[in-house]
Amino acid sequence: MTTPFDHQPGTGAAVPPPQCPAHGLGPGGLRRLYGTEAEQDPMGLYEKLRDEHGPVAPVLLHGDVPAWLVLGHSENLYMTRTPSLFSRDSRRWRALQDGTAAADHPLAPVFTWQPICVFADGAEHERLRGAVTDAMSHIDTRSTRRFINRYSNRLVNDFCQDGKADLVSRFAEHLPMMVMCQILGMPEEYSERLVQAARDMIKGTETANVSNAYVMAALDRLVTQRRAVPQEDFASRLITHPAGLTDAEVSQHMRLVLIAAYETTANLIANVLRMVLTDPRFRAQLSGGHMTVPEAVEQTLWDEPPFTTIFGRWAVGDTELGGQRIKAGDALVVGIAAANIDPVVRPDPAASMQGNRAHLAFSGGAHECPGQDIGRAIADVGVDALLMRLPDVELALAEDELSWTGSLMSRHLDQLPVTFAPRPPQDIMVAPSPAAMPPPRTDWEVTSQPPAAPPVVPQQVPQQTPPAQAPPVQPQPAAAAVPAQRGTAPKRLWRTLTSWWRGY
């Protein structure tokens, strides 16, 4: 097939021949963003593309449809912050206009134009985005954190007596959907089918369009109900917003919020738990009190962003980006994971990024994710609640036995099997009982290799002194007890504030 890249697409090594079996390349010698290599080792693929082409690389999407993958951190920021050059309106895509990307394309649920803010620019974007952000501004943070905690404990109750569980399928995949259904106003729609449909519809699978239809049917039912009888929920606020959204606009924006929040948060929770269980730096700092769960979440957003890429942007006219000539109608992909390890901004990928929020985990510019604080809250509270209930949780297999399923936009753990001491369920309306928890582990601290133990030297046991000759015990001065009593009131106050915030 022909591609829009009719010039030499890079400054690195020579382009291999088309469909080279040794490299798994597609037509024109371009690397695919789908298939075995892209799914099993996306970070390795990004680095190959960076070496061959620099910060912007030509790639192939499903069906070998050409696009540009933006790898550089600054190039991604420029693209997302310049809608006059790089539009979100997919109708500009030349592949869509000439039929190369047909209506039944596996990525159709992602790129098909819809009357929502994510496909709009300028004044229309401001109108639609304003309705979404206004509706979100009415979400009560403390109440949200309270039912996140209760849902977390409800999920833990389902497996805490077993002594083992898969934290992906039984926790990470379900908590975000439970919370988002509550926020939108449709808790009765929460089900395993909805969870799986939400994951499937953005993967580019053969069933993606069917899954999309299932999710939309649930949202359309909610719009009909709330249009008749508004409630205190996100759906009702969108319907009654002064922007005057149509039923189709309301449904599509709820789909946007639901899927974006669900997929990102499910992946984020699984990645945070994996790092806590496998990376000794995290366990040492978390158990030692030097790193909070929110800080662990932020580090994970750098190292394992929930969305690896976001598709897409479309060139308004001929332009240049990262040394590449971009033609009008070309598609571009926001390279989130690649930008987070761009050597220009992060020379040492292993370095701690604690306190640094310059990552692109939630994209950037006018279309930066408006619900990122909700996602952070679900991950923060959910992981904290699980670790509080199961402080002895450990990975049930070797780290190198874990597997992932990748797609164009995300990469998520297939399973995260763990073991722990069985314990009874607890009332989700009260704080977990410390008496039910084993003492915290002491072997999480990272230290250097301990020296070899010195040889044991036999020692003579000293003769025991008769009781009558034992020196009298000196009583401690009364003042010595005062420091031990100080701080009890602040500790009680802190526990009270923590319980209030968590929702006990």
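Colleague: Which residue does Glu263 meet in a salt bridge?

Modeller: In this predicted model, the side chain of Glu263 forms a salt bridge with that of Arg199, with an N to O distance of 3.2 Å. The two partners come from distant parts of the chain, since Glu263 sits in helix α13 and Arg199 in helix α10 (residues 192-200), 64 residues apart.

Colleague: Are Glu263 and Arg199 buried or exposed?

Modeller: Glu263 counts as buried because its relative accessibility is 1%, and Arg199 is likewise buried, its relative accessible area being 3%. The cut-off for buried is under 20% relative accessible area.

Colleague: And what does Glu298 pair with?

Modeller: Glu298 forms a salt bridge with Arg376, and the closest N and O atoms are 2.8 Å apart. Glu298 belongs to helix α15 (residues 293-303) and Arg376 to helix α17 (residues 372-389), so this pair ties together parts of the chain that are 78 residues apart in sequence. Both of these residues, Glu298 and Arg376, are buried.

Colleague: What about Asp162 and Arg170, how exposed are those?

Modeller: The side chains of Asp162 and Arg170 also meet in a salt bridge, at 3.5 Å from N to O. Asp162 is classed as partly exposed because its relative accessible area is 45%, and Arg170 is partly exposed as well, at 32% relative accessibility.

Colleague: How many salt bridges are there in the whole structure, and which residues are linked in a network?

Modeller: Searching the whole structure gives 25 salt bridges. A network of them links Arg31, Glu37, Lys48 and Glu52.

Colleague: Let's switch to the nonpolar side. Which residues have the most contacts inside the largest core?

Modeller: The largest nonpolar core contains 122 residues, and those with the most contacts inside it are Leu61, Trp93, Phe234, Met254 and Phe311. Helix α13, spanning residues 247-278, contributes the most to this core, with 15 residues.

Colleague: Take Met254 from that list, then: what is in contact with it?

Modeller: If its neighbours within four places in sequence are set aside, Met254 is in contact with Leu184, Leu219, Leu222, Val223, Phe234, Ala235 and Leu238. Phe234 is itself among the residues with the most contacts inside the core.

Colleague: Back to α13 for a moment. At what angle do α6 and α13 cross?

Modeller: The axes of helix α6 (residues 122-137) and α13 cross at roughly 65° and come within 12 Å of each other. The crossing of α6 past α13 is right-handed. On the α6 side the contact is made by Glu124, Arg127, Leu128, Val132 and Met136, and on the α13 side by Glu249, His253 and Val257. By type, the residues of this contact divide into 4 nonpolar, 1 polar and 3 charged.

Colleague: I was also looking at Met201. Where is it?

Modeller: Met201 is in the loop between α10 and α11 (208-228), and it counts as buried because its relative accessible area is 1%. Leaving out neighbours within four places in sequence, its contacts are Pro109, Ala208, Ser211, Asn212, Val215, Arg255 and Ile259. The C-alpha atom of Met201 is separated by 8.3 Å from that of Val110, a residue 91 places away along the chain.

Colleague: Now the backbone. Where is the cis peptide bond?

Modeller: A cis peptide bond joins Phe311 and Gly312, with omega at about 5°.

Colleague: What is phi for Asp64 and for Ser363?

Modeller: Asp64 has a positive phi near 60° without being a glycine, and Ser363, also not a glycine, has a positive phi of about 65°. Asp64 is found in the loop between β2 (56-61) and β3 (65-70), whereas Ser363 is in the loop between α16 (336-340) and α17. Asp64 counts as buried because its relative accessible area is 11%, and Ser363 is buried too, at 7% relative accessibility.

Colleague: Last one: how many helices and strands does the protein have?

Modeller: The protein has 19 helices and 13 strands, and buried residues make up 51% of its 504 residues. Of the contacts between residues at least 6 apart in sequence, 71% join residues at least 24 apart.

Key:
Residues are numbered from 1 along each chain as its sequence is written. This is a predicted model: local features need pLDDT of at least 70, side-chain atom pairs count only at pLDDT 80 or more; totals for chains, interfaces and linings use all residues. Side-chain values use heavy atoms; hydrogens and water are left out. A nonpolar core is a set of buried Ala, Val, Leu, Ile, Met, Phe, Trp, Tyr and Cys residues joined through side-chain atoms within 4.5 Å. Buried means under 20% relative accessible area, exposed over 50%, partly exposed in between (1.4 Å probe, protein chains only). Helices (H or I, at least four residues) and strands (E, at least two) are DSSP runs, numbered from the N terminus. Contact means heavy atoms within 4.5 Å. A salt bridge is a side-chain nitrogen of Lys or Arg within 4 Å of a carboxyl oxygen of Asp or Glu. Axes are lines fitted to C-alpha atoms, for helices over the stretch in contact, and angles run from 0 to 180 degrees between N-to-C directions. A crossing is left-handed if the near helix is turned anticlockwise from the far one by less than a right angle, and right-handed if clockwise. Ala, Val, Leu, Ile, Met, Phe, Trp, Tyr, Cys and Pro count as nonpolar, Asp, Glu, Lys and Arg as charged, and the others, Gly among them, as polar.
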